[in-house]
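Hi everyone, thanks for coming. Let me walk you through a model I'd like us to look at together.

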Amino acid sequence: MSEQPKILIVDDKAENLFTLERVLRKLPVTIIQANSGAAALALALEHSFFVAIVDVQMPEMDGYELVELLRGNETTAILPVIFVSAIFSDEYHHRKGYDAGAVDFLSKPFVPEILLSKVRVFLDLYRQRQRLQEVVAQLNSVNVEVIALNETLERKVRERTAAMERAYDELALLDRSKSDFIEIISHELRTPLSLVVGYSEILLETPLIAGNERYRQQVQTIVNGADRISEIVASMLDIVRIDSRALKLDYQPLSLASLFAGQQQLLAKACHERNLTLTVDGLDVLPEIEADMGNLVKVFNNLLLNAIKYTPDGGAITVSGRYVPLDGVAQGFVEIIISDTGIGIDPTAHDLIFTTFFQVGPVAFHSSGKTKFKGGGPGLGLTVARGIVEAHGGKIWVESPGYDETTCPGSEFHVLLPLHPGLTKPAAVTQRALELVSVSTDDKG
Ligand SMILES: Nc1ncnc2c1ncn2[C@@H]1O[C@H](COP(=O)(O)OP(=O)(O)OP(=O)(O)O)[C@@H](O)[C@H]1O
Ligand SMILES: [Mg+2]
């Protein structure tokens with residue numbers, strides 16, 4: 001239980017002390033008496049009082065002197081003092097009392113109720129101050145806890161960051177060794193592959209083979225297979241370069257109409273064999289773009305080969321394009337759309353198909369036929385395409401209602417390319433172009 005608040009009563013006359021004590025006993029306080037100024041001073045230094053009731057007229061040290069001494073000492077300076085005197089009836093004495101440091105007065109003979117109510121005021125003040133001190137103490141301890149918590153959190157964040165940095169370094173190392181591995185294997189494969197292709201082509205020319213259709217076809221299959229391996233090796237090297245941002249682009253003015261005319265020629269035989277129509281529409285009105293010819297051919301060749309592969313015989317592939325002007329950036333963008341009437345792509349795979357080695361169907365039925373219906377590949381084409389398009393500051397995405405081999409809902413591959421990649425590369429501009437494209441697509445309904 002906490003101690004009761006203490007009150008100091010000071011008077012040289014025992015009967016006065018007695019009267020005071022009798023009245024004050026009604027309050028839940030501990031009363032301590034002093035019969036002289038000197039005794040009061042000693043007690044005030046020893047105890048903490050919430051108020052002192054001091055008689056003004058005392059021999060040796062009177063009330064004024066005592067209060068002056070109390071005010072002069074650091075520990076007693078703020079002790080509230082109520083003066084008791086028979087001569088406080090006039091203003092002069094009140095002023096004198098205030099000047100000496102009293103906070104209230106009581107005239108003798110005092111009315112017990114008045115004494116009690118005056119003392120209660122100081123008692124309340126004392127309790128409120130105590131409560132305030134408790135709250136401050138609590139706040140301080142909470143503050144200490146918060147600081148400790150903060151330090152723990154900061155330490156944890158530092159530890160996590162360090163662990164993440166270590167993991168990142170390890171990953172980067174792993175990634176580098178994976179890239180180095182692919183690079184080395186690719187170069188190692190190139191020499192034997194060119195030997196296979198070279199000697200097979202020589203074989204094709206020899207009369208023995210050229211004169212026998214069965215042998216000729218067999219050697220031709222070797223050549224085709226070796227060509228396919230070369231292409232895969234080239235795609236793997238492209239991906240390593242894209243991943244390590246080492247893809248070098250040589251920008252030249254380029255006409256998309258002539259690029260696609262070339263592709264139409266190149267793929268005419270495959271389309272004919274598969275009874276597919278390949279229509280290119282409205283590209284001749286597009287402005288020229290600055291792009292890396294060799295790499296952009298890879299992008300659109302991949303997209304067209306996919307359209308051929310994933311469209312059943314008799315289907316249609318359409319290439320269209322449009323100019324996307326961008327205000328403030330005079331250069332603008334072009335959007336190329338390759339749509340097919342093929343098996344379509346499930347919406348959950350729309351992003352995944354652009355990641356390395358991802359294929360929608362089972363890998364087991366892979367055939368080497370590049371243009372056969374559903375002829376599987378390693379799943380690198382779209383990864384390479386995305387890497388090249390993004391290196392140009394463009395975007396590539398697919399739109400398709402879903403995958404269904406019976407109804408064939410078809411797919412639409414969109415490629416958004418800046419006219420001048422050097423000028424319009426910032427991602428924010430590409431984003432704005434994308435927004436424009438999707439707004440006008442919606443308009444079309
Ligand atoms: N036009 C399309 N219609 C339906 N599915 C498609 C189409 N284009 C791509 N896909 C799906 O996306 C997957 C990934 O395509 P991607 O071109 O990256 O690989 P791939 O064609 O399987 O092999 P690669 O291109 O390396 O020879 C394909 O396996 C196919 O499942
Ligand atoms: Mg492909």
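Let's start where two domains meet: seven residues of domain 2 are in contact, meaning heavy atoms within 4.5 Å, with nine residues of domain 3. The bounds, from an automatic or database domain assignment, are 6–110 for domain 1, 171–241 for domain 2 and 248–444 for domain 3.

Before going on, some housekeeping: this is a predicted model, with local features needing pLDDT of at least 70 and side-chain atom pairs pLDDT 80 or more, while totals for chains, interfaces and linings use all residues. Residues are numbered from 1 along each chain as its sequence is written, chains are lettered from A and ligands numbered from 1 in the order written, and side-chain values use heavy atoms, leaving out hydrogens and water.

Back to our two domains. Domain 2 and domain 3 bury about 700 Å² between them (accessible area lost on being put together, 1.4 Å probe, summed over both), 68% of it on carbon and sulfur atoms. On the domain 2 side, Arg 228, Asp 238 and Ile 239 lose the most area, together 65% of what that side buries.

Asp 238 also forms a salt bridge with Lys 298, the closest N and O atoms being 2.8 Å apart; the term means a side-chain nitrogen of Lys or Arg within 4 Å of a carboxyl oxygen of Asp or Glu. The count between these two domains is one such bridge.
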